[in-house]
Amino acid sequence: MYTADKVEARMLHARLALSPYAHARILSVDTSEAKQVQGVKTILTGDVSDVLIGEEIRDRPIIAREKVRYYGEVVAVAVADTEAAAKRAAELIRVEYEPLPVVNSPVDALRQDAPILHDKLGEYENEGRAVPVPGTNIASVNRLRKGDIDKGWKESEMIAENTVWFMPSDHAAMETRSATAEIRPDGYVVIDTSSQVPFTVKKYMANYFGIGSGWIVVQTPLVGGAFGGKSAIFLEPIVYLASKAVGGRKVKIVLTREEDMASAPVRIGLHATVKLGSTLDGYIKAAHITYRFDGGAYNDKSSDVAKAAVIDCSGPYGIPNLACDCFTLYTNHGFAAAFRGYGHSELTFAMERAIDALADKLGMDPWELRFRNAAVPGDTAPTRDLLTPSNLGDIKTCLNRLKILSEWEGWQVRQIDAYRIRAKGISCFWKNSSMDTDASSGAIILFNPDGSINLETGVVEIGTGTKTVLAQILAERMRMSPERIHVKLTVDTRTTPEHWKTVASRGTLLAGRAVLKAADDAIRQLLDIAACVLRADPEDLVLENEKVFVRADPSVNIEVREICYGYVYPNGNAIGGQIIGRGHYIQRRMNPLNPVTGEGTPGPEWNVGAQAVEIEMDTRDCSYRLMKAISVNDAGKVLNPEGARGQVMGAMAMGLSFANREGFDYNEQGMVLNPTLRDFSVLRYDENPSYIVEFIETPCLDAPYGARALGEHGMIGMPAALADALSRAAGVRLNQLPLYPETVWRARMGYSHVFL
């Protein structure tokens, strides 16, 4: 039962009118004809609210006012009795525009003659995490410095420089975004939303509209895929304003696929240059990295995604001297939200292509170059954190295993016949789950009279199976079968303990630690009651298989179901009551990054892996098939083997799909030319390669049972590995995504891209 499935008799429906221009001044909005449609209740335009929203910088109107800044931006909302009437009314809204010059790439945004998209940038409310430059298109600047970069260049005997680029793309979740809002007579604002961050929705709706947070109720059922795209607050303010305009009645909006792709938040684009310096025997001494992120028309989370890329800019390599300059830029594209990997497949593509360029110049095996420079305990991260066996996975063991699984030493390029070539490519990755320094999670467990347990956490089930793993964690600590754990899948911010966000592969760590504390709380209560009944000290008791035993004499015991709702003595006296365990966990030891040096602690651990891709290419037209994909991840401890393999394999497929075909095509006016799944193609079932997934286990001591993050990591290195393999087959360095056969052909022909 998804958000869009809920239907009520008195529910109203909303549809959007979207801008056909990427940048234009709004001269007038004529709603007179739209209001004549039977069943229309109201038409909302930008004049309905002057509230600006955005998580990092409040720079975005809920409905466009004065200007539109990207193709597909919401310019009006029609509310009617039926969806058909709302759609017809939205089509009849007449908007007069004055087209303005378009900023169509992050490179364009930095040009001296570029139009300034936000002339009031210095006046916007800023959360303090973004560093905008008023008078420019720079939404934020991040810098990082480690070691002595000048010394590093002096020690370098070989220099390699490489530039990569790709446009924004879509999240392509099966469920399009949807939301409902109702302002009830008692004052409660009730929002149902297909969001992966219901507590964030509650927080910001309170901030934006001055509503006491206790009066806002956010409910999230199962979510049909998200991949970061449903962590942005987009539809919720719109349906709130719509409900307010019709006296508080419930209003529902469900985006069509075309609307979801054109108007909703996108994956961030990037233009990046990486310069590496090394000794002749392949030890990297210096790296200078420049990121130009395409943040789109509004900042929202783009500057935070960019910061995450800065934090881990070196990749999993112990480079002693680093400099990174990162610019998050306003363009006339859709604004960027989080995307699976949160800046890390982006930074990895940039770094790994530079590593391959350096290997070519050195005449060195790219596997060997990576192995020699792999980060090990005792090295420092780009943020100068000391890397330890706990907070750093074992990249060298991952590489060694990858070498065997990929048969790397057997061959890297092989001619099959006169036209077909097989080639392999590799990559390494790491990811620290950069997050709020006060990110926390809570859990509640409640016993049933039969001794089974109800588990409630604020993690949203978006397809990752996290709540299954949490049930396993609870069962393990309670020494009982997971089948006896009843998990609540939906989230209601009135009654569900808060979980920071279902993002950043943090569900198992944050909520898992909270579940363990809730279990310990419940165990303590059980043992206290059992101690009274069994006349024993609680320290002498053991919980196992839904019984409490006296450790020294197991024949003295009592079943949990006899005490979990209190215990009644033969004479009728009673003690205890329903056992309710509670637990919470807040991320420890984190601090914000120094804005000048980038020094700080961004997250709890750096999780690593090594990946390979094998392709077969036809040299006549550069078409190719994906033959094999391999991922070796340091999982810390695999809690659910089938779930873990499924997560990594799905992520690998997503990374390959992004790399070989996904990306928005913009014309010179900034219009999206492929806002449908007919034109924006994703990897089809029969196009998948053979997948090989393996895990090594270096425990993270902060995590439940040592488990490391897995949800995003399978995709991070796939684009780089595919580009490496295709570069070998084509005999030319490929630095542009997506890697259509045409992209490969153009590179072979020497055609340059507009960015260059």
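Serine 169 is found in the loop between strand E12 and strand E13 (178–183), where helices (H or I, at least four residues) and strands (E, at least two) are DSSP runs numbered from the N terminus. The structure is a predicted model, in which local features need pLDDT of at least 70 and side-chain atom pairs count only at pLDDT 80 or more, while totals for chains, interfaces and linings use all residues. Residues are numbered from 1 along each chain as its sequence is written, and side-chain values use heavy atoms, with hydrogens and water left out.

Serine 169 counts as buried because its relative accessibility is 0%; buried means under 20% relative accessible area, exposed over 50%, and partly exposed in between (1.4 Å probe, protein chains only). Not counting residues up to four places away in sequence, serine 169 touches Val266, Arg267, Phe658, Glu662, Gly663, Phe664 and Phe680, contact being defined as heavy atoms within 4.5 Å. Phenylalanine 335 lies in another loop, between strand E19 (321–330) and helix H9. This residue likewise has 0% relative accessibility and therefore counts as buried. Beyond four places in sequence, the contacts of phenylalanine 335 include Arg60, Tyr70, Phe234, Pro265, Val266 and Asp300. Aspartate 300 is 35 residues away from phenylalanine 335 along the chain, yet their C-alpha atoms are separated by 7.1 Å.

Strands of a sheet pair through backbone hydrogen bonds, either parallel or antiparallel. Here, two strands are taken to pair if DSSP finds at least two bridges between them. An open sheet of five strands has the order E11-E19-E18-E17-E12, with mixed pairing. Its edge strands, E11 (138–146) and E12 (158–166), each pair on one side only. On average, neighbouring strands of this sheet are turned by 5° against each other, direction ignored; axes are lines fitted to C-alpha atoms, for helices over the stretch in contact, and angles run from 0 to 180 degrees between N-to-C directions. Within the sheet, E17 (residues 269–278) and E18 (residues 284–296) are antiparallel and share 10 bridges, and threonine 273 stands opposite threonine 290 in E18. Helix H9 (residues 344–362) packs on the sheet, touching E12, E17 and E18, and its direction makes about 145° with that of E12.

A further open sheet, of three strands, has the order E7-E2-E9 with antiparallel pairing. E2 (residues 24–30) is joined to E7 by two bridges, and alanine 24 has valine 68 in E7 as its bridge partner. Elsewhere, E27 and E28 form a hairpin with two residues between them.

Helix H9 also packs against helix H16 (residues 718–730) at an angle of about 35°, with the axes 8 Å apart. Among the residues that meet are Thr348, Phe349 and Arg353 in H9, and Pro719, Ala720 and Asp724 in H16. The residues of this contact divide into four nonpolar, two polar and four charged, where Ala, Val, Leu, Ile, Met, Phe, Trp, Tyr, Cys and Pro count as nonpolar, Asp, Glu, Lys and Arg as charged, and the others, Gly among them, as polar.

In soluble globular proteins, nonpolar side chains tend to be buried together. A nonpolar core is a set of buried Ala, Val, Leu, Ile, Met, Phe, Trp, Tyr and Cys residues joined through side-chain atoms within 4.5 Å. The largest such core has 99 residues, of which Leu276, Tyr291, Ile615, Leu722 and Leu726 touch the most other members. A second, separate core of 41 residues includes Ala179, Ile211, Val218 and Phe234.
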